[in-house]
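Hi there,

Here is the structure I promised to pass on. Have a look at it first, and then read my notes below.

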Amino acid sequence: MLKVPDHQVAGHQAGGGKLGPLVDDSGHFYKPLQSDERGSHEVAFYTAFSTDTRIPDHFRKFFPVFHGTKLLEASDGSGLYPHLALEDIVSGRTNPCILDAKIGARTWYPQAAEDYLQKCLKKDRETACLELGFRISGLQVYGNKLTGLWKPDRHVIQSSSVEDSKLALRKFISSNPSTDSDIKPDCSFASTVYGGPDGILAQLLVLKSWFEEQTFYHFYSCSVLMVYDKESILQGKNRGAQIKLVDFAHVIDGRGVIDHNFLGGLCSLIKMITDIVTSPST
């Protein structure tokens with residue numbers, strides 16, 4: 001049975017007669033194709049990438065599994081509509097904590113039309129993108145059974161300053177997330193979620209090692225999605241934190257050149273998380 005995702009923190013969302021993604025009970029995430037060339041471009045990327053023998057398996061795991069395309073009843077009631085069929089990254093997680101970080105100081109691709117370029121540049125200037133090399137696009141953190149999910153308005157999150165971005169990354173691994181500025185994030189899950197041999201930081205460093213070498217693709221306006229299950233950690237049944245790259249409508253041919261835009265933003269994110277792991281109380 002198809003339904004609107006319960007745990008989407010960024011991107012176009014279904015509901016209220018709007019076209020957006022759907023999920024099923026089999027672990028699939030269905031993303032409607034964007035009506036312009038971005039939709040066909042993303043399909044082309046997934047199709048090519050899924051069979052690209054140049055990509056080692058230990059890097060491929062950072063991308064959602066691609067199951068082709070599928071015609072489904074659109075969430076806006078407009079009838080059958082083509083969707084990307086992808087791995088549902090949060091499937092099986094009851095109350096997942098999720099953070100979406102859009103990577104790159106520049107989010108428009110070289111061939112972008114002038115109006116789209118100006119739209120992206122305006123948003124980049126209004127957020128931490130230009131200064132930091134990434135911006136937080138969305139966030140939700142599960143507190144406990146009493147407080148439930150803390151999910152700040154994504155428009156507020158997206159316009160965060162550098163200091164606000166640091167604070168969001170601290171709240172993401174805290175037991176006391178809040179919009180109250182007087183409440184200091186305790187970062188009580190920093191070592192479990194960010195740290196350790198299989199934590200988010202270790203995974204980001206592996207991903208960084210690939211971007212230091214790969215020249216096949218340049219990823220514009222792509223996000224790193226971070227996910228973990230706090231309840232599982234508290235119950236000693238930690239499924240492990242996970243990262244995935246998402247949103248590939250603006251991937252272009254690397255033409256034998258390192259993707260410095262993405263790599264620079266990724267390094268900035270890694271440094272900020274490293275600082276939290278080494279000094280969680282500051």
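On the other side of H3, which residues are exposed? They are Glu 114, Asp 115, Lys 119 and Arg 125. (Exposed means over 50% relative accessible area, buried under 20%, and partly exposed in between, with a 1.4 Å probe and protein chains only.)

Before you go on: this is a predicted model, where local features need pLDDT of at least 70 and side-chain atom pairs count only at pLDDT 80 or more, while totals for chains, interfaces and linings use all residues. Residues are numbered from 1 along each chain as its sequence is written, and side-chain values use heavy atoms, leaving out hydrogens and water.

Back to H3. Helices (H or I, at least four residues) and strands (E, at least two) are DSSP runs, numbered from the N terminus. H3 covers residues 114-126, and its 13 residues should span 18 Å at 1.5 Å a residue (the expected span is 1.5 Å times one less than the number of residues). The end C-alpha atoms are 18 Å apart, which agrees. Its buried residues are Tyr 116, Leu 117, Cys 120, Leu 121 and Asp 124. Seen down the helix axis, these fall within an arc of 130°, so they line one face of H3 (the arc is taken from the directions from the axis to the C-beta atoms). They pack against helix H1 (37-50), helix H4 (129-132) and strand E6 (134-142).

Next, the cores. A nonpolar core is a set of buried Ala, Val, Leu, Ile, Met, Phe, Trp, Tyr and Cys residues joined through side-chain atoms within 4.5 Å. The largest one has 64 residues, and Leu 169, Phe 172 and Ile 200 are among those with the most contacts inside it. Helix H10 (residues 260-278) gives the largest share, eight residues. Domain 1 (22-87) and domain 2 (96-278) both contribute residues, so this core lies between them; the domain bounds come from an automatic or database assignment. Apart from it lies another core of nine residues, including Trp 108 and Cys 120.

Then there is an open sheet of five strands, in the order E7-E6-E5-E9-E10, with antiparallel pairing (two strands pair if DSSP finds at least two bridges between them). Its edge strands, E7 (149-150) and E10 (242-246), each pair on one side only. E5 (residues 96-103) and E9 (residues 222-229) are joined over eight bridges, and Lys 102 has Ser 223 in E9 as its bridge partner.

Cheers

Definitions and conventions:
Contact means heavy atoms within 4.5 Å.
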